[in-house]
Amino acid sequence: MILPNLNYSNLKNSYLFFRIAQKNKEYLEKNPDKHLYRMGIGDVSLPLCDAVIKALHEAVEDQSKKETFHGYMDECGAMFLREAIGKHYRNRGINIDNCEVFISSGASDELGDILDLFDKSNSALVIEPAYPAYVDANTMVGRNIIHYASSSENGFLPVPTKDLKADIIYICSPNNPTGAVFDREKLQKWIDYANENGSVILFDAAYEAFIEQDDLPRSIFELDGARTCAIEICSLSKTAGFTGTRCGYTIIPRELVRHGMSLNQMWIRNRTTKTNGVSYIIQRGAAAIFTEEGQRQIKENIKIYKQNAKCLTDTLDKLGIWYCGGKNAPYIWLKCPKNMGSWEFFDYLLNEIQVVGTPGEGFGKCGEGYFRFSTFGSAEDTKIASERLYGLLKE
Ligand code: PLP
C-alpha cells in the first residue's frame with residue numbers, strides 16, 4: 001500500500017481561523033439581529049484600481065485576436081513584467097537584474113514551493129509570533145523548526161544570538177501579525193549572521209508597500225551583503241488588492257550560491273519543470289501596477305487602509321494600551337488590557353461590543369496576551385469598532 005507523507009500528521013489543525021469562525025457563528029445564531037465589526041480579516045476590501053482593470057480588459061481583447069493572442073507564457077514570468085519590476089527596484093537605487101525577478105501566483109505559493117531548493121536536513125528558523133504558513137510548510141517536509149520567540153522587550157524584532165544555529169531563516173517585515181518593521185541596523189545583523197553561517201534568509205515583503213518611513217528598508221536588497229544570502233518574496237495581494245486575482249514576484253540574486261550551486265539557476269530549473277507560468281492576462285494587469293498611474297492609484301487605496309489604522313491607533317493611544325504596528329503596516333498588535341488572555345479578550349470584545357479581532361496566541365505561544373487588529377475592513381466599520389472599543393475600555 002502507498003505510504004502517504006506522514007509529516008502531515010504533525011500539522012496542527014488550522015485551529016485559529018476555524019475557532020474564530022465557529023465563535024462568530026455561535027454568537028450570530030444566538031443574536032441574529034447583531035452586526036459583527038470584523039477587524040480580524042487579512043483580506044482586502046477595496047477593488048482593483050482603474051489602471052489594472054483597464055490593462056486586464058485590454059489583455060482579454062489581445063487573447064481574442066490571432067495577431068495578439070498568447071499561449072504558454074515564460075515559466076519564470078513574462079519579460080514585460082520582470083522588466084517593469086526590475087525597473088521599479090532600480091528606480092529606488094536597488095540594483096536588480098530583470099533575470100533575478102521571477103513572477104509567481106502569489107507569496108503563499110512561493111513560500112511553500114521555494115523550499116524545494118533546500119535539503120530536508122536544514123533547520124528552519126521562524127521568528128514568532130508568525131504567519132502560520134512558515135511553520136506548516138516546513139512541517140509538511142519534516143524539517144526541524146526553530147521557534148524563535150520575540151517579545152515587546154525587543155519590539156517583536158529579535159536579532160540572532162551568538163549560539164544560534166539556523167539554516168533557513170524567515171523574516172517577515174512589515175510583520176504579520178505584529179506590524180513591526182525591521183530597521184536597517186537589526187536587519188543587517190541577520191544578513192551578517194546568514195553570510196557568516198551560510199544560511200539563507202527568506203524575506204517575506206508582502207507588506208512592503210505600507211512602509212511610509214524612508215529610513216526603514218522596504219527591500220532586504222537595500223542592505224549590504226543581502227545579495228549573497230537572501231531571497232525576497234513579494235506579493236501584489238495587499239499592495240494592489242490582488243488577493244483574488246493572484247500574482248506576486250520573487251527576487252533571487254545571481255550571487256546567491258551554496259555548495260557551488262546557484263539558487264537562481266536552480267529556481268529556473270524548478271519553475272521550468274513545475275509550472276507553465278502565470279496567465280498572460282494577469283501579468284498584464286500586474287504590469288499596470290508599476291506604471292506611474294498605477295502607482296498613484298494603489299497608493300490611494302493604501303491611504304484608505306492607513307486611515308483605518310489611524311482611527312484604531314488613536315483610540316488605543318487614548319486608552320493608554322500598548323501596541324506596535326499600524327504606521328508602516330496594515331496590522332496593529334496590542335497588549336490585551338487588564339492582563340486578559342488572547343481568547344478571553346476575543347470573547348470579551350465579541351460579547352460586549354461585537355468587535356472581532358484575532359487572538360495573538362494563534363500565531364505562536366509567545367503571542368499569548370496579545371491581539372491583532374487588521375486595517376483592511378471598511379472605513380465605517382472601523383470607525384464604529386473604534387468608538388465601541390473606547391466606550392468599553394475607558395476607565
Ligand atoms: N506572507 C504574509 C506575511 C501574509 O500575511 C500573506 C497573506 O496574508 C502572504 C504571505 C500570502 O500572500 P499571497 O496572497 O500573495 O499568497
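Visitor: Strand 6 then, which residues sit on one side and which on the other?
Guide: V200, L202 and D204 are on one side, I201 and F203 on the other, and all are buried. Buried here means under 20% relative accessible area, with exposed over 50% and partly exposed in between, using a 1.4 Å probe and protein chains only. Strands (E, at least two residues) and helices (H or I, at least four) are DSSP runs, numbered from the N terminus.

Visitor: Why the split into two sides?
Guide: In a regular strand the side chains alternate between the two faces of the sheet. As for strand 6 (residues 200-204), five of its five residues are buried, so it is largely enclosed by the rest of the structure.

Visitor: Before we go on, what kind of model is this?
Guide: It's a predicted model, where local features need pLDDT of at least 70, side-chain atom pairs count only at pLDDT 80 or more, and totals for chains, interfaces and linings use all residues. Residues are numbered from 1 along each chain as its sequence is written, and side-chain values use heavy atoms, with hydrogens and water left out.

Visitor: How do strand 5 and strand 6 run, parallel or antiparallel?
Guide: Parallel, joined by five bridges. Two strands count as paired if DSSP finds at least two bridges between them. I169 stands opposite I201 of strand 6.

Visitor: OK, the ligand. Which residues are closest?
Guide: A107, D204, Y207, S235 and S237 are the closest of the 15 residues that surround the ligand. To be included, a residue needs a heavy atom within 4 Å.

Visitor: How much of the ligand does the protein bury?
Guide: 92% of the 390 Å² that the ligand exposes when taken alone. Those areas come from Shrake-Rupley with a 1.4 Å probe, and for residues only the protein chains shown count as cover.

Visitor: Switching to aromatics, how many pairs are there?
Guide: The search of the whole structure finds 21. One is F156 with Y370, edge-to-face at 5.2 Å centre to centre and 85° between the planes. Rings of Phe, Tyr and Trp (its six-membered ring) pair if their centres lie within 6.5 Å; planes under 30 degrees apart are stacked, over 60 edge-to-face, the rest tilted.

Visitor: What does that pair tie together?
Guide: F156 is in the loop between strand 4 (145-149) and strand 5 (168-172) and Y370 is in strand 15 (residues 370-374), so the pair ties together parts that are 214 residues apart in sequence.

Visitor: Are those two buried or exposed?
Guide: Buried: F156 has a relative accessible area of 3%, and Y370 comes in at 8%.

Visitor: What does strand 15 pair with over five bridges?
Guide: Strand 12 (residues 331-335), in the antiparallel sense. W333 has R372 in strand 15 as its bridge partner.
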